[in-house]
Each structure stands twice: as C-alpha cells, then as structure tokens.
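Hello,

Here is the structure I promised to pass on.

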Amino acid sequence: MRVVVAGASGTVGRLVVEMLEARYEVRALTRDPRAAARAGVGGEKVRADFADRRSLERALAGGDALLLITSDPLRPDHDERVLRAAVRAGVGHVVKLSALAVTDPGAGDVITCWQRACEERLRACGLPWTLLRPRAFMSKALGWAPSVRRQGVVRAVYGASVNACVDPADVAAVAARVLTAPGHAGRCYELTGPGPVCAREQTAVLARVLGRPLRFEELDVQEAWRLWRARYPEPYARALLESAERQRAGAKAGVSQAVRQVTGRAPADFADWARRHARFFR
C-alpha cells in the first residue's frame, strides 16, 4: 500500500510518516526534500508544491491513500489543486485534516470559513473521503516555552477558559489508522483530549512536571491583540481573537470519544503531553 502525505513536514504529517513508514510505502510531499531530510522527515521524500499542478500529479501517481494537510487560509487554491491532482491520479481515499470549529455555527473567522470550504470541496471531488476535525493541539503550549525557561511565567488571555485540546500524536494515530484500514470512508471524526483544561491548569501541570514553581499572568485582550498582530497578518490575528472569545463562552469544552473509537485507547491528557515535551521548557 502506498500512502501519500501532503504536509509531511508539519506536526501531524511528520508523525504519521513515522508511524507508517515501517509497514507501508510512504511518500512524503515537500517543497524541499533536502531540507526535509535534514529536519528528520521520514519516508520517500518527493518534491511537490501546492501551487504546481504537475508536481502534484507526479507525486500522487500510484497513491492508494492521501493525507491532505494544508495551512494557508489565504490560499484555498492549494486544496483545490491537490484534489484535482488526486482525482487525475486515481487516489483511492483522501483523509483531510480540518478543524472542529467548522461544526460551531458561531465560528465565522477566516480560518474556520476556509476549512469549511475545504471540506465542501473534498466532499464534491468524487473520491472516497474522511474528515478529521481536531480541537486545538496541546503543542500550542510550546509557545510558552521561552518565557517559562527565562522567567518561569506563562502568559495567556482568558486564563480560566477551557479547551478540550488534543495531543497531536493522537491525531496522527487516528490518521494513520484511517489511512490504512477499511471502513472509514464518508466519516467525520471529532478529535479531542480526555477533558477540557484551561491555561491556568496547564501552568500548574507544567510546574509539577518541571519540578519548579511557575507563575501565570493573564493578558488582557488589548495585549493579546498586539502580540498576535505583531506576529500574524491581520485576518489571522482577528481569527485568534474570535477563537479566544468563543473559548471563553464555553464553545470548546465538549469531549469526543473518537480517538478511543478509532485507535482503541484513551487519548493522552495534558500531563502526558507535558512529560514527553518537558525538555523544551527546561
């Protein structure tokens, strides 16, 4: 079986390649195979660009299953080109990494609207499909690592608001199973951790794991906006602000059993994730 991973250099794509390469022929799509190799991406590294139709068609030729991960809401043509190439190549099954926010009627930010459009495009492409809809990744906490290392501080907006965040390794495990086992076509899987957790609680967990005190400092909305706006284009920053407001309203507290349903084991909690990534905070 040949599995193609589009987005193989990202958090989930890289893990999926690692999980499958020992048992399957795994083709990792990347714009720069040499850089991907230096970064530790496994599998057969194949040059492909989401903006280049011909490179995509070559890369997808002979693929039995495709994991589709794109990351630029301002480039909806990326998904369109990959799906067209997949149809031409006769790919047997497309698994798309989306987001759980698409199910929230109150979510109308640019990122969520882009994911909804991607889902609609996938359903209409004519190939068997599966949608994976994770909640926020626990790995977002890595953004706190510099301030934890230097100052022993975690800073976040709305520190008491909860999110049923999920370990990216669990998302990858679901993707690996869905790509290689029958019975998942036409299904949508909502992927969460075992329970909702807030930034204050995550700070306490990190402190226990690291064995030293940490302080939580709550950012006000204006401070958070300035930080996001300095780092991201305005549409992305506004999407983060809207997402934080929905989280404060309780929109991200729901828990799904899909990780257990697909993999046969419980999803990791934040303490599990923190223990495996403690080196980044020390």
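Let me start with Thr112, which is buried, with a relative accessible area of 6%; the cut-off for calling a residue buried is under 20%. Please keep in mind that this is a predicted model. Thr112 belongs to helix α5, which covers residues 110-124. Leaving aside residues up to four places away in sequence, Thr112 is in contact with Ala101, Val102, Ala107 and Arg246.

Next, the aromatic rings. A pair of such rings is described by how far apart the centres are and by the angle of the planes. Rings pair if their centres lie within 6.5 Å, and by this rule there are two aromatic pairs. In one of them, the ring centres of Phe270 and Trp273 are 5.5 Å apart and the planes are at 25°, so this pair is stacked. The ring centres of Trp273 and Phe281 are 6.2 Å apart with the planes at 80°, so that pair is edge-to-face.

How are Phe270 and Trp273 placed along helix α12? They are three residues apart in this helix (residues 270-276), which means that about one helical turn separates them. Phe270 and Trp273 are both buried, and Phe281 is buried as well. Through the ring pairs, Phe270, Trp273 and Phe281 are linked into a cluster.

One last item involves a charge and a ring: Arg123 has its charged end over the ring of Trp129, at 5.4 Å from the ring centre.

Note on methods:
Residues numbered from 1 in each chain as written. Predicted model: local features only at pLDDT ≥ 70, side-chain atom pairs only at ≥ 80, totals over all residues. Heavy atoms only, no water. Phe/Tyr/Trp six-rings, centres within 6.5 Å; stacked < 30°, edge-to-face > 60°. Helix = DSSP H or I, 4+ residues; strand = E, 2+ residues; numbered from the N terminus. Buried < 20%, exposed > 50% of the residue type's maximum accessible area, 1.4 Å probe, protein only. Lys NZ or Arg CZ within 6 Å of the ring centre and 35° of its normal. Contact = heavy atoms within 4.5 Å.
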